Amino acid sequence: MIKELLNQDTAPHATNVLVGKLGDVLIRAVGKPFDMAINWGRIYSLWPVHLETACCSVEFGAASSPRYDVERFGIIEAFGSLRQCDLIVVMGTITRKMAPRLRMVYDQMPDPKYVIAMGACAITGGLYFDSYNVLPGIDGILPVDIYVPGCPPRPETLIQGAMLLQEKIKRMKAK
């Protein structure tokens, strides 16, 4: 078979088979470390978009303060545009009128993108669960990765949610 591969005139298609097999071997050998390196970069560079509509935003601000410092977990302050951010943190009550705009914000973000639902209002509608204009949770319009419970949740709970999101990203296959 090696003689056939070396002699291009007799079997030109055999070289393509060897290159294909070599490609499969390289993907298996390099794929897992490559995924780990890419996910490591994603874990420690989360750029959030904040959708703040209620008292949870104060707790998010407290988590960004020097006392709790979420930047040590790789959550950077939101300075970029939507096309640069890969994490959306939904805090507070989401009404039916806001839902299409929330979806539009989510659609403008690049892949991979992650969603944290923070507080009882974002998870279940909170105190306004029986109101006609309040969504009973954002998971009907966005695929939520992490739920941070509480009304309002403490900064420690948000940090725990960020750590859970990092673990989820670490286990993902890089695209």
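Asp111 is exposed, with a relative accessible area of 61%; here exposed means over 50%, buried means under 20%, and partly exposed is in between, using a 1.4 Å probe and protein chains only. Keep in mind that this is a predicted model, in which local features need pLDDT of at least 70, side-chain atom pairs count only at pLDDT 80 or more, and totals for chains, interfaces and linings use all residues. Residues are numbered from 1 along each chain as its sequence is written, and side-chain values use heavy atoms, with hydrogens and water left out.

Asp111 has a partner: Lys113 forms a salt bridge with Asp111, and their closest N and O atoms are 3.9 Å apart. A salt bridge is a side-chain nitrogen of Lys or Arg within 4 Å of a carboxyl oxygen of Asp or Glu. Side chains of opposite charge can pair when their charged atoms come close.

The structure holds five salt bridges. One of them links Asp107 with Arg103, with 3.2 Å between the closest N and O atoms. Both residues lie in helix H4 (residues 99-108), four residues apart, which is about one turn of the helix. Helices (H or I, at least four residues) and strands (E, at least two) are DSSP runs, numbered from the N terminus. Asp107 is partly exposed at 44%, and Arg103 is partly exposed at 33%. Glu156 forms another salt bridge, with Arg154, at 3.3 Å between the closest N and O atoms.

Now look at Asp86, in the loop between helix H3 (56-63) and strand S2 (87-91). Is Asp86 buried or exposed? Asp86 is buried, with a relative accessible area of 12%. Beyond residues up to four places away in sequence, Asp86 touches several others, including Trp47, Met109 and Lys113; contact means heavy atoms within 4.5 Å.

Five bridges join S2 to strand S1 (residues 48-52), and the two run parallel; strands pair if DSSP finds at least two bridges between them. S2 also pairs with strand S3 (residues 114-118), in the parallel sense over five bridges. The chain crosses from S2 through H4 to S3, and this β-α-β crossover is right-handed, meaning that, with the strands pointing away from the viewer, the path from the first strand over the helix to the second runs clockwise.

Finally, find Leu51 in strand S1. The bridge partner of Leu51 in S2 is Val90. Leu51 and Val89 are 38 residues apart in sequence, yet 6.3 Å apart in space, C-alpha to C-alpha. At 23% relative accessibility, Leu51 counts as partly exposed.
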